[in-house]
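Reader: Hello! Could you walk me through this structure, one question at a time?

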Amino acid sequence: MLKNITLGQYYPVDSWVHRLDPRVKILLTIALIVAVFLVRSMVGYAILLTFIFLASCLANVPFRLMIKGLKPLRFILILTFLLNLFFQSGGGEQEILVHWWIITITRAGLRQAVFFSARLALLVICTSLMTLTTSPIQLSDGIELLLSPLKIIHFPAHELAMMMSIALRFIPTLLEEADKIMKAQMARGADFESGNLIKRAKAMVPLLVPLFVSAFRRAGDLAMAMEARCYHGGEGRTRLRVLKLTRHDLFAVIAVALLIGVIILERAAMPDGWPL
Amino acid sequence: MSIQLKNLTHVYSGGTAFESVALHDISFEIRDGDFLALVGHTGCGKSTLVQHLNGLLKPTSGQVLVDGEDLNGEHVDRRKLRMRIGLVFQYPEYQLFEETVAKDIAFGPKNLGLSAAEIEERVRTAMAQVHLNYDKYARRSPFELSGGQMRRVAIAGVLAMQPKTLILDEPTAGLDPHGRDRILGIVRELHQSGTTVVMVSHSMDDVARLATRVVVLAHGSLLADGTPREIFRQREMMEEAGLGVPEASRLVQALRARGLDLPDDLYTQDELYDHLLRLWKEANPC
């Protein structure tokens, strides 16, 4: 029952986007996020969405997977939409669309609501383009290398990345373990599904105690195994996968730079945004 | 109580790219008083199968009938049923969680909603069944025991529910020979005292010593079902399933190839010993 949870949403196919350097992908994602905030109109969003759609085609990732990434955020999206819809109270003349009891919806409010929900949705879609095309290991490699200049001020970039990879590596293992323990306790008559909140929290004890015991045991074993293979932190450690920038990475950077250029132009052309 | 499997099929992650058929059209019956050994190569679906026997997994198609009643029917209280059919998982010691051995064993009976006196009684009985001294171990933390002792505590945790049928998934995995004999002795005693036992095992020698019936799985399908004698004489089939036969059977084959007059269906050390003794006496009449 726990096996249906997928953490990390890497979509394992080979494509031009998959092969890009993870460092470049992380930086470009940050650039895309900035671009989302630069946009002032729905036209800008349309341009961005088209760009991401094209990128998803290049990445061999079905676009609906990226839309699916929005599902966990649906409540936040709806809340954002409603709050902006009802509580927009800009000064001056307001064109009222609906007025009923204490509810007033203005044109500006509707515009704002659509605009901010779109911004939120696009932020998620932009980042999921990266997480769908970059394996967790590549991601932590990329983060390590991007953060490594901070080592000068004693920032533990390598340790951080190592912890991240280990955590990621053990998520499926621990999930499997949790599933097994849960079943074992159910075979002893444990009930994880019924009862009120307190009862249910209490029912988790027979699951969590063995799970923690086993996590600590595994951690101890792993530390021992790493030490037995002479692991002593990041200093002087070479890597198996050496990341190299290629001209493909350059193309990707140029593409995103052009996109941001277009968005800035569009922003300058319509300083007040397009009428909805 | 009989458990009957009817055309049981289980598919993992059905409808996705990761779809895999774990069990395919399995039918057999576990009768009262059986000591049924479930054998098969790693990954052949044994563990998946035993989880169907008490309703932890639902078949993709087919039925599990307990006393003629569908285990996955709408009106069946699966929790009640799970207590009549005890399941001991692989490495059961990893399910221990309480502060003391007694409390951990009491977890099952407590879920049954029994009185404190009854629970205490059951804990004592279960500990005696797994040869753990109550006065010595009941108040100790299960986490400071040895691996073999922890496993016995975990088995006692299932026995405390007093199941009519006990299913054990590789109860001896990872134990030293002494610990293994101990667990197998406990299982044998349970069977002799009237519990129906289903044991998943990799060791054909253990199966030869204990089982009254053997069910062989290969690649998710039922390969053979019969008494150990019927199964172990089919040496080629067992080799193909990646299992082999007990040491005694192998020795019989080798001796027969050298011309010794032995029946081909011997499979335990004791009967082989008897036959060899008879041959020796015939050859050396005093």
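Author: Gladly, starting with a definition: two residues are in contact if their C-beta atoms, placed from the backbone, lie within 7 Å. This is a predicted model, in which local features need pLDDT of at least 70 and side-chain atom pairs count only at pLDDT 80 or more, while totals for chains, interfaces and linings use all residues. Residues are numbered from 1 along each chain as its sequence is written, and chains are lettered from A and ligands numbered from 1 in the order in which they are written.

Reader: Among contacts in chain A with a separation of 6 or more, what percentage comes from residues 24 or more positions apart?

Author: The count takes in contacts in chain A with a separation of 6 or more. Of these, the share from residues 24 or more positions apart is 79%.

Reader: What is the radius of gyration of chain A?

Author: The radius is taken over C-alpha atoms, and the globule rule is 2.2 Å times the number of residues to the power 0.38. For a compact globule of 276 residues that would be near 19 Å. The C-alpha atoms of chain A fill a box of roughly 70 × 55 × 40 Å along the principal axes. For chain A the radius of gyration is 24 Å.

Reader: Which helix of chain A gives the most to the side that touches chain B?

Author: Helices (H or I, at least four residues) and strands (E, at least two) are DSSP runs, numbered from the N terminus. In the interface, 16 residues of chain A are in contact with 20 residues of chain B. Both α7 (157-187) and α9 (205-228) of chain A supply at least two residues each to the side that touches chain B. The most, seven residues, comes from α7(A).

Reader: Is A:Leu73 buried, exposed or partly exposed?

Author: A residue is buried if 20 or more other C-beta atoms lie within 10 Å of its own, exposed if 12 or fewer, and partly exposed in between, with C-beta atoms placed from the backbone. A:Leu73 sits in the loop between α3 (63-68) and α4 (74-87) of chain A. Because A:Leu73 has 15 C-beta neighbours inside 10 Å, it counts as partly exposed.

Reader: Why is helix α1 of chain B largely enclosed by the rest of the structure, and which residue just after it takes a positive phi?

Author: Helix α1 (residues 46-53) of chain B is largely enclosed because six of its eight residues are buried. Among them are B:Leu49, B:Val50 and B:Leu53. Just after α1(B), a positive phi of about 80 degrees is taken by B:Gly55.
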